[in-house]
Amino acid sequence: MTTSDKKLTISFEFFPTKTEEGAKKLDQTAIELSKCQPEFFSVTYGAGGSTRDRTLDTVLSVRNCTDIPTAPHLSCVGDSKARLKSLLEQYRSLGINRIIALRGDLPSGMGRSNGELQYANELVEFIRAETGDHFHLEVAAYPEAHPQAQNFEADLVHFKRKVDAGASSAITQYFFNADSYFNFVDRARGLGIDLPIIPGIMPITNYTRLARFSDACGAEIPRWVRKQLEAYGDDINSIKQFGEEVVTRMCERLVEQGVPGLHFYALNQAAPSKAICQNLKLF
Ligand SMILES: Cc1cc2nc3c(=O)[nH]c(=O)nc-3n(C[C@H](O)[C@H](O)[C@H](O)COP(=O)(O)OP(=O)(O)OC[C@H]3O[C@@H](n4cnc5c(N)ncnc54)[C@H](O)[C@@H]3O)c2cc1C
């Protein structure tokens with residue numbers, strides 16, 4: 001079977017809701033996105049356990065109303081091994097079998113010393129030691145390098161540590177330049193890393209938020225895209241339309257090149273991700 005014969009998997013990422021109203025809205029979003037036949041949904045986790053209960057409640061609520069497997073993210077900074085272990089046991093008893101395993105980022109001012117695991121490779125190792133092969137473990141990858149990485153090479157070496165510790169597949173930070181993804185995958189393959197590396201896709205809907213987010217996580221918005229989005233000012237409809245075109249075109253290139261899947265940072269909204277999937281004729 002060639003890469004292009006394999007089914008492209010789709011997944012959508014949500015964040016935990018804070019209110020009952022937010023939960024109801026997210027259930028509707030998930031029901032809408034379930035029409036794209038995703039392989040799974042995922043729900044983020046606040047570093048230090050700040051959304052521990054809400055992440056689980058959101059996972060269960062989304063799974064119950066769609067029957068789509070839903071995976072919690074789990075970050076290790078600021079959490080003790082005992083707390084992580086009890087959460088893993090809870091997840092396992094609830095029939096959850098996929099986790100997005102991360103280091104996480106504590107709010108500035110909170111040292112990392114209050115957690116027992118410093119990096120994601122240690123979390124992957126810990127989960128494998130505690131639960132064997134029960135969980136499919138996704139880890140994060142950074143085609144444009146993690147913002148705190150010493151350099152690209154060092155980041156790749158640290159990525160490989162997560163793979164060697166037992167990761168099953170990887171999801172990338174979002175990017176708007178497909179070549180950064182292709183380069184990263186080539187370099188990873190050169191190091192003998194052969195797990196699926198799924199591009200993370202960020203639909204563009206709000207320029208101010210996207211710019212702030214991208215600065216923090218080290219994702220580059222190409223100058224021509226930035227300039228055009230800036231020029232639209234408060235014209236939300238033009239921003240959304242242009243954003244949809246830009247991201248659809250990039251995804252077309254990724255799909256043509258045989259990526260194993262697309263993971264959408266859906267930000268609890270259905271329409272932007274669904275429109276891109278529709279443009280790509282993915283369902
Ligand atoms: C798909 C995806 C989902 C995410 N979901 C969440 C979420 O739910 N909650 C959340 O808080 N954050 C989330 N994040 C953000 C993530 O937690 C941050 O990017 C964080 O800064 C790094 O996490 P990591 O798992 O990549 O860390 P790591 O792989 O541990 O890497 C972090 C940094 O340390 C370096 N490094 C790694 N290992 C070592 C080592 N052994 N020794 C020295 N240096 C090392 C790396 O080069 C990198 O610069 C997500 C990111 C992605 C891409």
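Which element gives the most to the shell around the ligand? Helix α5 does, with four residues. The model is a predicted one, in which local features need pLDDT of at least 70 and side-chain atom pairs count only at pLDDT 80 or more, whereas totals for chains, interfaces and linings use all residues. Residues are numbered from 1 along each chain as its sequence is written, and side-chain values use heavy atoms, with hydrogens and water left out.

**Ligand surroundings**

- Around the ligand there are 23 residues, of which Y45, D105, Y142, H146 and D155 come nearest; a residue is counted as near if one of its heavy atoms lies within 4 Å of the molecule.
- In the side chain of D155, a polar atom lies 2.6 Å from an oxygen atom of the ligand.
- The side chain of Y142 has an N or O atom 2.7 Å from an oxygen atom of the ligand.
- For N121, the distance from a side-chain N or O atom to a nitrogen atom of the ligand is 3.4 Å; a polar contact is a pair of N or O atoms within 3.5 Å.
- The protein buries 87% of the 970 Å² that the ligand exposes when taken alone, with accessible areas taken from the Shrake-Rupley method with a 1.4 Å probe.
- Two or more residues of the shell come from each of α4 (120-131), α5 (152-165) and β6 (169-174); helices (H or I, at least four residues) and strands (E, at least two) are DSSP runs, numbered from the N terminus.
- The shell comprises 10 nonpolar, eight polar and five charged residues; Ala, Val, Leu, Ile, Met, Phe, Trp, Tyr, Cys and Pro count as nonpolar, Asp, Glu, Lys and Arg as charged, and the others, Gly among them, as polar.

**Barrel**

- Eight strands close into a barrel with parallel pairing, in the order β1-β2-β3-β4-β5-β6-β7-β8; two strands pair if DSSP finds at least two bridges between them.
- From one strand to the next, the twist averages 30°.
- Strands β7 (residues 197-201) and β8 (residues 261-265) pair in the parallel sense over two bridges, and G200 has H263 in β8 as its bridge partner.
- Helix α5 packs on the sheet and touches β5 (136-141), β6 and β7, where contact means heavy atoms within 4.5 Å.
- The direction of α5 makes about 180° with that of β5; angles run from 0 to 180 degrees between N-to-C directions.

**Helix packing**

- Helices α7 (residues 207-217) and α8 (residues 223-232) pack at an angle of about 145°, and their axes are 10 Å apart; axes are lines fitted to C-alpha atoms, for helices over the stretch in contact.
- Y207, L210, A211 and D215 of α7 meet R226, L229 and E230 of α8.
- This contact of α7 with α8 has four nonpolar, no polar and three charged residues.

Note on methods: A polar contact is a pair of N or O atoms within 3.5 Å; within protein, one must be able to donate a hydrogen and the other to accept it, and residues adjacent in sequence count only if both atoms are side-chain atoms.
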